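Please look over the sequence and the model below, and then follow the account that comes after them, which goes from one region to the next.

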Amino acid sequence: MSDNRIYEADIVVVGAGNAAMCAAISARENGANVLVLEKAPEAEKGGNSTYTHGSIRFAYNGVEDLKEIMPDLSQEDIEGSDFGVYTEEDFYEDMCRVTDYRTDPELASILTGKSFETIKWLTSHKVRWVPIYGRQAFKVDGKFKFWGGMIVESVGGGPGLVEALHKEASSLGVQTLFNAMATELIHDDNGVHGVIFKHNGKTTRVHAKAVILASGGFHANPEMRTRYLGPKWDLAHARGSRFNTGEGIQMALNIGALASGNWSGCHSVGGDRYLPEFTEGFQKLSYPFGIMVNAEGKRFVDEGADFRNYTYAKYGRVILEQPGQFAWQIFDQKTARLLREEYKGRQVTKVKANTLVELAEKLEGVNPEGFLQTVKEYNASIRTDIPFNPNIKDGRCTEGLAVRKSNWANTLEDGPFEAYAVTCGITFTFGGLKINPTTEVQDVLSNSIPGLYAAGEVVGGLFYFNYPGGAGLTAGSVFGKIAGEKAAQFIKTKELMNS
(Lines give C-alpha, C1' and ligand atoms only; values in the text may rest on other atoms or scores of the structure.)
Protein backbone atom coordinates (compact mmCIF):
# COMPACT_ATOMS: atom_id res chain seq x y z
CA MET A 1 0.00 0.00 0.00
CA SER A 2 1.12 3.57 -0.63
CA ASP A 3 1.06 6.24 2.02
CA ASN A 4 0.61 9.99 2.27
CA ARG A 5 3.96 10.64 3.93
CA ILE A 6 6.18 13.49 2.85
CA TYR A 7 9.67 11.97 2.89
CA GLU A 8 12.85 13.68 4.02
CA ALA A 9 16.43 12.81 3.03
CA ASP A 10 19.79 14.46 2.62
CA ILE A 11 20.15 13.01 -0.88
CA VAL A 12 17.62 11.44 -3.23
CA VAL A 13 18.92 9.10 -5.94
CA VAL A 14 16.57 8.59 -8.88
CA GLY A 15 17.15 5.10 -10.31
CA ALA A 16 18.48 1.87 -8.85
CA GLY A 17 20.95 0.41 -11.34
CA ASN A 18 24.73 0.36 -11.21
CA ALA A 19 25.27 4.13 -11.45
CA ALA A 20 22.49 4.90 -8.98
CA MET A 21 23.58 2.40 -6.35
CA CYS A 22 27.22 3.46 -6.65
CA ALA A 23 26.02 7.02 -6.03
CA ALA A 24 23.89 5.91 -3.07
CA ILE A 25 26.70 3.90 -1.45
CA SER A 26 29.21 6.70 -2.04
CA ALA A 27 26.90 9.33 -0.58
CA ARG A 28 26.13 7.17 2.42
CA GLU A 29 29.79 6.46 3.21
CA ASN A 30 30.33 10.22 3.05
CA GLY A 31 27.80 10.73 5.82
CA ALA A 32 24.56 11.47 3.95
CA ASN A 33 21.12 10.05 4.65
CA VAL A 34 20.06 8.55 1.29
CA LEU A 35 16.72 7.60 -0.26
CA VAL A 36 16.64 5.72 -3.59
CA LEU A 37 13.57 5.95 -5.85
CA GLU A 38 13.20 2.93 -8.15
CA LYS A 39 10.49 3.14 -10.79
CA ALA A 40 10.39 -0.64 -11.25
CA PRO A 41 8.97 -3.22 -8.87
CA GLU A 42 11.59 -4.94 -6.75
CA ALA A 43 11.65 -8.04 -8.97
CA GLU A 44 12.74 -5.90 -11.97
CA LYS A 45 15.06 -3.51 -10.19
CA GLY A 46 18.35 -2.32 -11.59
CA GLY A 47 17.57 -0.79 -14.96
CA ASN A 48 19.82 -1.81 -17.84
CA SER A 49 22.52 -3.03 -15.44
CA THR A 50 20.45 -6.13 -14.73
CA TYR A 51 20.45 -7.01 -18.44
CA THR A 52 24.23 -6.88 -18.89
CA HIS A 53 26.73 -9.70 -18.47
CA GLY A 54 28.39 -7.57 -15.80
CA SER A 55 31.44 -7.21 -18.05
CA ILE A 56 33.33 -4.05 -17.18
CA ARG A 57 36.27 -2.25 -18.80
CA PHE A 58 39.07 -0.70 -16.77
CA ALA A 59 42.75 0.12 -17.05
CA TYR A 60 45.22 -2.33 -15.49
CA ASN A 61 48.96 -2.93 -15.74
CA GLY A 62 49.12 -6.69 -15.49
CA VAL A 63 48.12 -9.66 -13.41
CA GLU A 64 49.20 -8.07 -10.12
CA ASP A 65 46.49 -5.44 -10.55
CA LEU A 66 43.95 -8.13 -11.37
CA LYS A 67 44.86 -10.02 -8.19
CA GLU A 68 43.87 -6.93 -6.19
CA ILE A 69 40.28 -7.26 -7.37
CA MET A 70 40.26 -11.05 -7.70
CA PRO A 71 42.14 -12.35 -4.64
CA ASP A 72 40.89 -15.88 -5.40
CA LEU A 73 42.58 -15.95 -8.81
CA SER A 74 44.38 -19.28 -8.81
CA GLN A 75 47.94 -19.92 -9.87
CA GLU A 76 46.54 -22.33 -12.45
CA ASP A 77 44.44 -19.53 -13.95
CA ILE A 78 47.43 -17.20 -13.99
CA GLU A 79 49.73 -19.73 -15.65
CA GLY A 80 47.09 -20.78 -18.18
CA SER A 81 46.10 -17.25 -19.21
CA ASP A 82 47.63 -14.31 -21.00
CA PHE A 83 45.77 -11.40 -19.40
CA GLY A 84 47.97 -8.81 -21.07
CA VAL A 85 47.86 -5.15 -20.02
CA TYR A 86 45.39 -2.37 -20.75
CA THR A 87 46.77 1.00 -19.73
CA GLU A 88 44.91 4.24 -19.06
CA GLU A 89 46.34 5.47 -22.34
CA ASP A 90 44.94 2.40 -24.16
CA PHE A 91 41.51 2.97 -22.65
CA TYR A 92 41.54 6.70 -23.43
CA GLU A 93 42.61 6.05 -27.01
CA ASP A 94 39.82 3.49 -27.44
CA MET A 95 37.30 6.03 -26.12
CA CYS A 96 38.54 8.58 -28.64
CA ARG A 97 38.94 6.19 -31.56
CA VAL A 98 35.54 4.50 -31.46
CA THR A 99 33.70 7.82 -30.97
CA ASP A 100 35.53 9.44 -33.90
CA TYR A 101 37.30 11.68 -31.35
CA ARG A 102 34.06 13.38 -30.30
CA THR A 103 34.01 12.12 -26.71
CA ASP A 104 34.29 14.89 -24.12
CA PRO A 105 38.04 14.75 -23.40
CA GLU A 106 37.70 15.84 -19.77
CA LEU A 107 34.99 13.30 -18.93
CA ALA A 108 36.82 10.58 -20.89
CA SER A 109 40.02 11.33 -18.98
CA ILE A 110 38.20 11.00 -15.65
CA LEU A 111 36.54 7.79 -16.79
CA THR A 112 39.76 6.12 -17.86
CA GLY A 113 41.97 7.57 -15.13
CA LYS A 114 39.68 6.57 -12.28
CA SER A 115 38.50 3.25 -13.71
CA PHE A 116 40.82 0.93 -11.77
CA GLU A 117 40.49 2.70 -8.42
CA THR A 118 36.70 2.57 -8.85
CA ILE A 119 36.80 -1.18 -9.51
CA LYS A 120 38.86 -1.58 -6.33
CA TRP A 121 36.27 0.53 -4.48
CA LEU A 122 33.48 -1.73 -5.77
CA THR A 123 35.49 -4.74 -4.61
CA SER A 124 35.71 -3.18 -1.16
CA HIS A 125 31.91 -3.02 -1.19
CA LYS A 126 31.61 -6.77 -1.75
CA VAL A 127 31.24 -6.85 -5.54
CA ARG A 128 33.10 -9.92 -6.76
CA TRP A 129 34.77 -10.45 -10.14
CA VAL A 130 35.83 -13.41 -12.30
CA PRO A 131 37.74 -13.63 -15.60
CA ILE A 132 35.56 -13.73 -18.73
CA TYR A 133 36.70 -17.03 -20.17
CA GLY A 134 34.82 -18.00 -23.33
CA ARG A 135 33.48 -14.60 -24.39
CA GLN A 136 36.74 -12.66 -24.12
CA ALA A 137 39.40 -15.32 -24.56
CA PHE A 138 39.96 -18.30 -26.81
CA LYS A 139 42.37 -21.11 -26.02
CA VAL A 140 45.21 -21.25 -28.50
CA ASP A 141 48.21 -23.56 -28.02
CA GLY A 142 46.95 -24.50 -24.55
CA LYS A 143 46.67 -20.94 -23.23
CA PHE A 144 43.78 -18.49 -22.98
CA LYS A 145 44.57 -15.11 -24.49
CA PHE A 146 42.32 -12.20 -23.58
CA TRP A 147 41.58 -9.53 -26.16
CA GLY A 148 39.71 -6.29 -26.64
CA GLY A 149 40.53 -4.59 -23.33
CA MET A 150 37.94 -6.38 -21.22
CA ILE A 151 38.98 -9.05 -18.72
CA VAL A 152 36.43 -9.49 -15.92
CA GLU A 153 32.73 -9.66 -15.20
CA SER A 154 30.81 -9.50 -11.95
CA VAL A 155 29.90 -12.80 -10.30
CA GLY A 156 26.33 -13.53 -11.32
CA GLY A 157 26.53 -11.18 -14.30
CA GLY A 158 24.42 -8.03 -14.33
CA PRO A 159 21.83 -9.41 -11.88
CA GLY A 160 24.65 -10.40 -9.52
CA LEU A 161 26.15 -6.92 -9.72
CA VAL A 162 22.81 -5.24 -9.00
CA GLU A 163 22.05 -7.62 -6.14
CA ALA A 164 25.47 -7.06 -4.55
CA LEU A 165 25.11 -3.27 -4.75
CA HIS A 166 21.58 -3.30 -3.31
CA LYS A 167 22.62 -5.59 -0.49
CA GLU A 168 25.58 -3.39 0.37
CA ALA A 169 23.51 -0.20 0.20
CA SER A 170 20.87 -1.70 2.48
CA SER A 171 23.50 -2.82 4.99
CA LEU A 172 24.82 0.76 5.09
CA GLY A 173 21.36 2.16 5.84
CA VAL A 174 20.26 3.33 2.38
CA GLN A 175 16.48 3.18 1.98
CA THR A 176 15.01 2.13 -1.38
CA LEU A 177 11.41 2.63 -2.46
CA PHE A 178 10.19 0.44 -5.33
CA ASN A 179 7.31 1.30 -7.66
CA ALA A 180 8.41 4.90 -7.09
CA MET A 181 8.42 6.88 -10.35
CA ALA A 182 9.95 10.34 -10.19
CA THR A 183 7.90 12.86 -12.15
CA GLU A 184 9.21 16.31 -11.25
CA LEU A 185 12.11 18.08 -9.56
CA ILE A 186 11.28 20.42 -6.71
CA HIS A 187 13.27 23.55 -7.47
CA ASP A 188 13.49 27.33 -7.23
CA ASP A 189 16.05 30.00 -8.05
CA ASN A 190 18.35 28.55 -5.39
CA GLY A 191 18.49 25.08 -6.95
CA VAL A 192 16.91 21.66 -6.51
CA HIS A 193 15.31 20.68 -3.21
CA GLY A 194 13.68 17.32 -3.78
CA VAL A 195 11.53 15.17 -6.05
CA ILE A 196 7.83 14.69 -6.67
CA PHE A 197 7.14 11.03 -7.38
CA LYS A 198 4.38 8.46 -7.64
CA HIS A 199 4.70 5.66 -5.12
CA ASN A 200 2.46 2.73 -6.05
CA GLY A 201 0.50 5.17 -8.19
CA LYS A 202 -0.02 7.81 -5.49
CA THR A 203 1.67 11.19 -5.83
CA THR A 204 3.93 12.20 -2.96
CA ARG A 205 7.23 14.00 -2.52
CA VAL A 206 10.59 13.86 -0.85
CA HIS A 207 12.35 16.98 0.37
CA ALA A 208 16.12 16.76 0.05
CA LYS A 209 19.27 18.85 0.04
CA ALA A 210 20.54 17.29 -3.21
CA VAL A 211 19.27 15.02 -5.99
CA ILE A 212 21.28 12.59 -8.10
CA LEU A 213 19.68 11.55 -11.40
CA ALA A 214 20.75 8.05 -12.48
CA SER A 215 17.59 6.83 -14.18
CA GLY A 216 18.97 5.85 -17.59
CA GLY A 217 18.18 7.07 -21.07
CA PHE A 218 15.14 6.70 -23.31
CA HIS A 219 15.77 3.48 -25.25
CA ALA A 220 12.41 1.98 -24.13
CA ASN A 221 10.42 5.00 -25.34
CA PRO A 222 9.57 4.60 -29.08
CA GLU A 223 8.24 8.15 -29.31
CA MET A 224 11.48 9.68 -28.02
CA ARG A 225 13.55 7.26 -30.12
CA THR A 226 11.80 8.40 -33.29
CA ARG A 227 11.94 12.07 -32.30
CA TYR A 228 15.66 12.06 -31.57
CA LEU A 229 17.20 9.05 -33.36
CA GLY A 230 15.09 9.40 -36.49
CA PRO A 231 12.81 7.34 -38.78
CA LYS A 232 12.66 3.55 -38.29
CA TRP A 233 13.89 3.68 -34.70
CA ASP A 234 10.37 2.98 -33.50
CA LEU A 235 10.87 -0.37 -35.28
CA ALA A 236 14.03 -1.26 -33.40
CA HIS A 237 13.87 -4.10 -30.90
CA ALA A 238 14.12 -2.69 -27.36
CA ARG A 239 16.60 -4.55 -25.15
CA GLY A 240 17.29 -3.99 -21.49
CA SER A 241 14.89 -2.47 -19.00
CA ARG A 242 11.37 -1.53 -20.06
CA PHE A 243 11.48 1.27 -17.48
CA ASN A 244 14.12 3.42 -19.19
CA THR A 245 11.72 5.84 -20.84
CA GLY A 246 13.50 9.15 -20.33
CA GLU A 247 11.66 10.84 -17.46
CA GLY A 248 14.85 11.61 -15.55
CA ILE A 249 16.34 13.47 -18.49
CA GLN A 250 13.07 15.28 -19.21
CA MET A 251 12.67 16.43 -15.59
CA ALA A 252 16.06 18.11 -15.75
CA LEU A 253 15.43 19.68 -19.17
CA ASN A 254 12.16 21.05 -17.81
CA ILE A 255 14.05 23.17 -15.26
CA GLY A 256 16.61 24.46 -17.73
CA ALA A 257 19.30 21.77 -17.82
CA LEU A 258 21.57 21.72 -20.85
CA ALA A 259 21.31 18.81 -23.28
CA SER A 260 24.59 17.22 -24.31
CA GLY A 261 26.04 14.46 -26.45
CA ASN A 262 24.93 12.34 -29.37
CA TRP A 263 21.13 12.63 -29.18
CA SER A 264 20.75 10.93 -32.56
CA GLY A 265 23.03 8.06 -31.50
CA CYS A 266 22.65 4.93 -29.43
CA HIS A 267 24.11 1.56 -28.50
CA SER A 268 22.52 -0.73 -31.08
CA VAL A 269 23.35 -4.39 -31.61
CA GLY A 270 22.34 -7.25 -33.85
CA GLY A 271 20.18 -9.86 -32.19
CA ASP A 272 17.46 -12.42 -32.73
CA ARG A 273 14.89 -11.28 -35.27
CA TYR A 274 11.81 -12.59 -33.50
CA LEU A 275 12.63 -12.72 -29.79
CA PRO A 276 10.20 -10.56 -27.75
CA GLU A 277 11.33 -7.17 -26.52
CA PHE A 278 13.05 -6.78 -23.13
CA THR A 279 14.17 -10.41 -23.26
CA GLU A 280 17.60 -11.64 -22.22
CA GLY A 281 19.63 -13.57 -24.78
CA PHE A 282 18.69 -11.28 -27.67
CA GLN A 283 22.13 -10.31 -28.94
CA LYS A 284 24.07 -12.43 -31.44
CA LEU A 285 27.65 -11.18 -31.46
CA SER A 286 29.85 -13.82 -33.11
CA TYR A 287 29.49 -12.20 -36.54
CA PRO A 288 33.29 -11.52 -36.88
CA PHE A 289 33.72 -15.27 -37.60
CA GLY A 290 31.10 -15.47 -40.36
CA ILE A 291 29.33 -13.18 -42.79
CA MET A 292 26.12 -11.15 -42.64
CA VAL A 293 23.80 -10.84 -45.64
CA ASN A 294 20.68 -8.75 -46.21
CA ALA A 295 17.43 -9.48 -48.09
CA GLU A 296 19.26 -9.16 -51.41
CA GLY A 297 21.73 -11.81 -50.29
CA LYS A 298 24.52 -9.24 -50.20
CA ARG A 299 27.11 -8.48 -47.54
CA PHE A 300 26.77 -4.91 -46.29
CA VAL A 301 29.34 -4.46 -43.50
CA ASP A 302 32.93 -5.41 -42.66
CA GLU A 303 32.26 -8.14 -40.11
CA GLY A 304 35.96 -8.26 -39.19
CA ALA A 305 36.72 -4.55 -39.01
CA ASP A 306 37.78 -4.84 -35.36
CA PHE A 307 37.22 -6.94 -32.27
CA ARG A 308 33.55 -7.44 -31.51
CA ASN A 309 33.88 -5.10 -28.48
CA TYR A 310 34.51 -2.15 -30.78
CA THR A 311 31.89 -2.74 -33.49
CA TYR A 312 28.84 -4.47 -32.01
CA ALA A 313 27.30 -1.30 -30.55
CA LYS A 314 27.08 0.35 -33.98
CA TYR A 315 26.25 -2.57 -36.29
CA GLY A 316 22.65 -2.74 -35.10
CA ARG A 317 22.07 0.62 -36.78
CA VAL A 318 23.49 -0.75 -40.03
CA ILE A 319 21.09 -3.73 -39.86
CA LEU A 320 18.17 -1.35 -39.26
CA GLU A 321 19.06 0.40 -42.52
CA GLN A 322 18.79 -2.83 -44.55
CA PRO A 323 15.63 -3.78 -46.49
CA GLY A 324 13.11 -5.16 -44.01
CA GLN A 325 15.41 -4.25 -41.07
CA PHE A 326 16.91 -7.75 -40.86
CA ALA A 327 19.96 -9.80 -41.81
CA TRP A 328 21.24 -13.37 -41.57
CA GLN A 329 24.54 -14.38 -39.98
CA ILE A 330 26.15 -17.36 -41.74
CA PHE A 331 28.74 -19.78 -40.34
CA ASP A 332 30.26 -23.08 -41.43
CA GLN A 333 31.79 -25.80 -39.28
CA LYS A 334 35.23 -24.20 -39.18
CA THR A 335 33.96 -21.44 -36.90
CA ALA A 336 30.68 -22.78 -35.46
CA ARG A 337 32.64 -23.93 -32.39
CA LEU A 338 33.50 -20.29 -31.66
CA LEU A 339 29.89 -19.11 -31.37
CA ARG A 340 28.97 -17.47 -28.07
CA GLU A 341 26.56 -19.02 -25.59
CA GLU A 342 23.61 -16.92 -26.78
CA TYR A 343 23.54 -18.92 -30.03
CA LYS A 344 22.71 -22.09 -28.12
CA GLY A 345 19.45 -21.04 -26.46
CA ARG A 346 16.06 -22.51 -27.23
CA GLN A 347 14.55 -19.24 -28.43
CA VAL A 348 16.83 -18.74 -31.42
CA THR A 349 15.79 -18.10 -35.03
CA LYS A 350 18.12 -20.56 -36.74
CA VAL A 351 18.30 -22.70 -39.84
CA LYS A 352 20.79 -25.43 -40.72
CA ALA A 353 21.65 -27.15 -44.00
CA ASN A 354 24.23 -29.55 -45.41
CA THR A 355 24.79 -27.53 -48.59
CA LEU A 356 24.82 -23.85 -49.47
CA VAL A 357 22.09 -24.38 -52.08
CA GLU A 358 19.85 -25.96 -49.45
CA LEU A 359 20.70 -23.18 -47.00
CA ALA A 360 19.83 -20.50 -49.57
CA GLU A 361 16.26 -21.81 -49.77
CA LYS A 362 15.89 -21.71 -45.99
CA LEU A 363 16.97 -18.08 -45.47
CA GLU A 364 13.58 -16.42 -45.00
CA GLY A 365 13.26 -13.20 -46.99
CA VAL A 366 16.62 -13.56 -48.76
CA ASN A 367 17.18 -13.72 -52.53
CA PRO A 368 18.75 -17.21 -52.99
CA GLU A 369 20.64 -16.38 -56.19
CA GLY A 370 22.05 -13.21 -54.70
CA PHE A 371 23.19 -15.11 -51.61
CA LEU A 372 24.91 -17.88 -53.56
CA GLN A 373 26.69 -15.37 -55.77
CA THR A 374 27.83 -13.44 -52.68
CA VAL A 375 29.29 -16.57 -51.08
CA LYS A 376 31.01 -17.59 -54.31
CA GLU A 377 32.71 -14.21 -54.64
CA TYR A 378 33.52 -14.08 -50.93
CA ASN A 379 35.15 -17.53 -50.88
CA ALA A 380 37.28 -16.66 -53.91
CA SER A 381 38.50 -13.40 -52.37
CA ILE A 382 40.01 -14.70 -49.11
CA ARG A 383 43.73 -14.53 -48.39
CA THR A 384 43.96 -18.15 -47.26
CA ASP A 385 47.74 -17.82 -47.05
CA ILE A 386 47.29 -15.76 -43.87
CA PRO A 387 46.72 -17.92 -40.74
CA PHE A 388 43.41 -17.61 -38.90
CA ASN A 389 43.71 -16.59 -35.23
CA PRO A 390 40.57 -15.52 -33.28
CA ASN A 391 42.60 -13.95 -30.45
CA ILE A 392 44.24 -11.22 -32.51
CA LYS A 393 43.36 -9.03 -35.45
CA ASP A 394 44.91 -11.62 -37.74
CA GLY A 395 44.77 -9.70 -41.04
CA ARG A 396 43.18 -12.69 -42.78
CA CYS A 397 41.18 -10.58 -45.19
CA THR A 398 39.38 -10.45 -48.51
CA GLU A 399 40.65 -8.74 -51.64
CA GLY A 400 38.70 -7.20 -54.49
CA LEU A 401 35.25 -7.08 -52.87
CA ALA A 402 33.09 -3.96 -52.68
CA VAL A 403 32.64 -4.68 -48.96
CA ARG A 404 35.93 -5.84 -47.51
CA LYS A 405 36.38 -8.19 -44.57
CA SER A 406 39.53 -7.08 -42.73
CA ASN A 407 40.14 -9.97 -40.31
CA TRP A 408 39.03 -13.54 -39.56
CA ALA A 409 37.88 -14.28 -43.11
CA ASN A 410 37.23 -18.00 -43.60
CA THR A 411 35.74 -19.71 -46.61
CA LEU A 412 32.17 -20.93 -46.24
CA GLU A 413 32.47 -24.45 -47.61
CA ASP A 414 32.42 -26.95 -44.72
CA GLY A 415 28.86 -28.08 -43.99
CA PRO A 416 26.63 -28.35 -42.22
CA PHE A 417 26.05 -24.61 -42.40
CA GLU A 418 24.29 -22.56 -39.72
CA ALA A 419 22.41 -19.28 -40.16
CA TYR A 420 20.82 -16.96 -37.62
CA ALA A 421 18.23 -14.27 -38.39
CA VAL A 422 18.96 -10.94 -36.68
CA THR A 423 17.50 -7.48 -36.42
CA CYS A 424 18.47 -4.23 -34.70
CA GLY A 425 18.24 -4.03 -30.93
CA ILE A 426 18.66 -0.76 -29.03
CA THR A 427 20.36 -1.02 -25.64
CA PHE A 428 20.80 2.57 -24.49
CA THR A 429 20.82 6.09 -25.87
CA PHE A 430 23.89 8.34 -26.02
CA GLY A 431 22.26 11.77 -25.60
CA GLY A 432 21.62 13.17 -22.15
CA LEU A 433 22.44 15.92 -19.69
CA LYS A 434 25.56 18.06 -19.59
CA ILE A 435 27.63 17.57 -16.45
CA ASN A 436 30.91 19.07 -15.30
CA PRO A 437 33.81 16.97 -13.95
CA THR A 438 32.20 16.88 -10.50
CA THR A 439 28.93 15.55 -12.03
CA GLU A 440 26.98 18.75 -11.38
CA VAL A 441 24.24 19.17 -13.98
CA GLN A 442 24.74 22.30 -16.07
CA ASP A 443 22.03 24.71 -17.12
CA VAL A 444 21.59 26.31 -20.55
CA LEU A 445 23.91 29.13 -19.48
CA SER A 446 26.57 26.51 -18.58
CA ASN A 447 26.22 27.16 -14.86
CA SER A 448 25.82 24.37 -12.32
CA ILE A 449 22.27 23.81 -11.05
CA PRO A 450 22.76 23.82 -7.26
CA GLY A 451 21.96 20.48 -5.69
CA LEU A 452 21.51 18.52 -8.95
CA TYR A 453 23.93 15.76 -10.02
CA ALA A 454 23.80 13.04 -12.67
CA ALA A 455 25.53 9.76 -13.55
CA GLY A 456 25.09 6.80 -15.88
CA GLU A 457 23.10 6.73 -19.11
CA VAL A 458 21.27 9.94 -18.17
CA VAL A 459 24.54 11.78 -18.95
CA GLY A 460 25.52 12.82 -22.48
CA GLY A 461 28.92 13.57 -23.96
CA LEU A 462 30.88 10.34 -23.46
CA PHE A 463 29.72 8.14 -26.33
CA TYR A 464 29.20 9.10 -29.97
CA PHE A 465 28.23 6.68 -32.77
CA ASN A 466 29.71 3.74 -30.87
CA TYR A 467 31.35 2.77 -27.59
CA PRO A 468 33.99 0.35 -26.27
CA GLY A 469 32.23 -2.68 -24.79
CA GLY A 470 32.00 -2.59 -20.99
CA ALA A 471 32.63 1.18 -20.80
CA GLY A 472 29.00 1.91 -19.95
CA LEU A 473 29.13 0.07 -16.63
CA THR A 474 32.49 1.70 -15.89
CA ALA A 475 31.08 5.16 -16.57
CA GLY A 476 28.13 4.47 -14.29
CA SER A 477 30.43 3.30 -11.48
CA VAL A 478 33.02 6.07 -11.85
CA PHE A 479 30.61 8.99 -12.13
CA GLY A 480 28.11 7.45 -9.71
CA LYS A 481 30.85 7.30 -7.05
CA ILE A 482 31.86 10.90 -7.80
CA ALA A 483 28.22 12.09 -7.70
CA GLY A 484 27.69 10.57 -4.25
CA GLU A 485 30.87 12.14 -2.89
CA LYS A 486 30.23 15.58 -4.37
CA ALA A 487 26.57 15.71 -3.38
CA ALA A 488 27.52 14.87 0.21
CA GLN A 489 30.26 17.52 0.15
CA PHE A 490 27.80 20.07 -1.26
CA ILE A 491 25.49 19.47 1.70
CA LYS A 492 28.29 19.78 4.25
CA THR A 493 29.54 23.02 2.66
CA LYS A 494 26.06 24.47 2.62
CA GLU A 495 25.50 23.56 6.27
CA LEU A 496 28.80 25.18 7.26
CA MET A 497 27.87 28.37 5.41
CA ASN A 498 24.50 28.48 7.17
CA SER A 499 25.87 27.73 10.66
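In this predicted model, the second largest pocket takes the greatest part of its lining from strand S6 (residues 137-140), which contributes 4 residues. The lining as a whole is made up of 23 residues, and those that lie nearest the centre of the pocket are Gly-134, Ala-137, Phe-138, Phe-289 and Leu-338. Sorted by class, the residues that line this pocket are 14 nonpolar, 2 polar and 7 charged, and the space inside the second largest pocket comes to about 340 Å³.

In soluble globular proteins, nonpolar side chains tend to be buried together. Here the largest nonpolar core has 121 residues, and the members with the most contacts inside it are Ile-11, Val-195, Leu-213, Leu-452 and Phe-479. Helix H13 (residues 471-498) supplies the largest share of this core, with 10 residues. Another core lies apart from it, with 22 residues that include Val-293, Ala-360, Ala-419 and Ala-421.

Once its neighbours within four places in sequence are left aside, Val-195 is in contact with Val-12, Val-14, Leu-37, Ala-182, Glu-184, Leu-185, Ile-186, Thr-204, Arg-205, Val-206 and Val-211. Ile-186 is also among the residues touched by His-207, whose contacts, not counting residues up to four places away in sequence, are Ile-6, Tyr-7, Glu-8, Ala-9, Ile-186, His-193 and Gly-194. His-207 belongs to strand S12 (residues 202-213) and has a relative accessible area of 29%, so it is classed as partly exposed.

Which residues of helix H1 are buried? They are Asn-18, Ala-19, Ala-20, Met-21, Cys-22, Ala-23, Ala-24, Ile-25, Ser-26 and Ala-27. Because 10 of the 12 residues of H1 are buried, this helix is largely enclosed by the rest of the structure. The length of H1 (residues 18-29) can be checked as well: at 1.5 Å a residue its 12 residues should span 16 Å, and the C-alpha atoms at its ends are 16 Å apart, which agrees. Just after H1, Gly-31 adopts a positive phi of about 95 degrees.

Helix H10 is also mostly covered, with 7 of its 9 residues buried. The buried residues in H10 are Tyr-312, Ala-313, Tyr-315, Gly-316, Val-318, Ile-319 and Leu-320, and they pack against strand S15 (266-272), S16, strand S17 (326-331) and S19. Although 101 residues separate Val-301 from Ala-402 in sequence, their C-alpha atoms are 9.9 Å apart in space.

The last stop is the backbone at a few loop positions. Most residues other than glycine have a negative phi, and most peptide bonds are trans. Trp-408, however, is a residue other than glycine with a positive phi, near 60 degrees. Trp-408 is placed in the loop between H12 and S19, and at 2% relative accessibility it counts as buried. Pro-416 is also found in the loop between helix H12 (368-381) and strand S19 (417-429), where a cis peptide bond, with omega of about 0 degrees, joins Gly-415 and Pro-416. A positive phi in a residue other than glycine occurs at Ser-446 too, with a value near 65 degrees, and Ser-446 lies in the loop between strand S21 (440-442) and strand S22 (448-454).

Methods: Residues numbered from 1 in each chain as written. Predicted model: local features only at pLDDT ≥ 70, side-chain atom pairs only at ≥ 80, totals over all residues. Heavy atoms only, no water. Core = buried A, V, L, I, M, F, W, Y, C linked by side-chain atoms within 4.5 Å. Buried < 20%, exposed > 50% of the residue type's maximum accessible area, 1.4 Å probe, protein only. Helix = DSSP H or I, 4+ residues; strand = E, 2+ residues; numbered from the N terminus. Contact = heavy atoms within 4.5 Å. Expected span 1.5 Å × (residues − 1). 1 Å grid on protein atoms, 1.4 Å probe; cavity = no way out; pocket = protein on both sides within 12 Å on 5 of 7 lines; lining within 4 Å. Points joined across faces, edges and corners; volume = space filled by probe spheres on them. Nonpolar A, V, L, I, M, F, W, Y, C, P; charged D, E, K, R; others polar.
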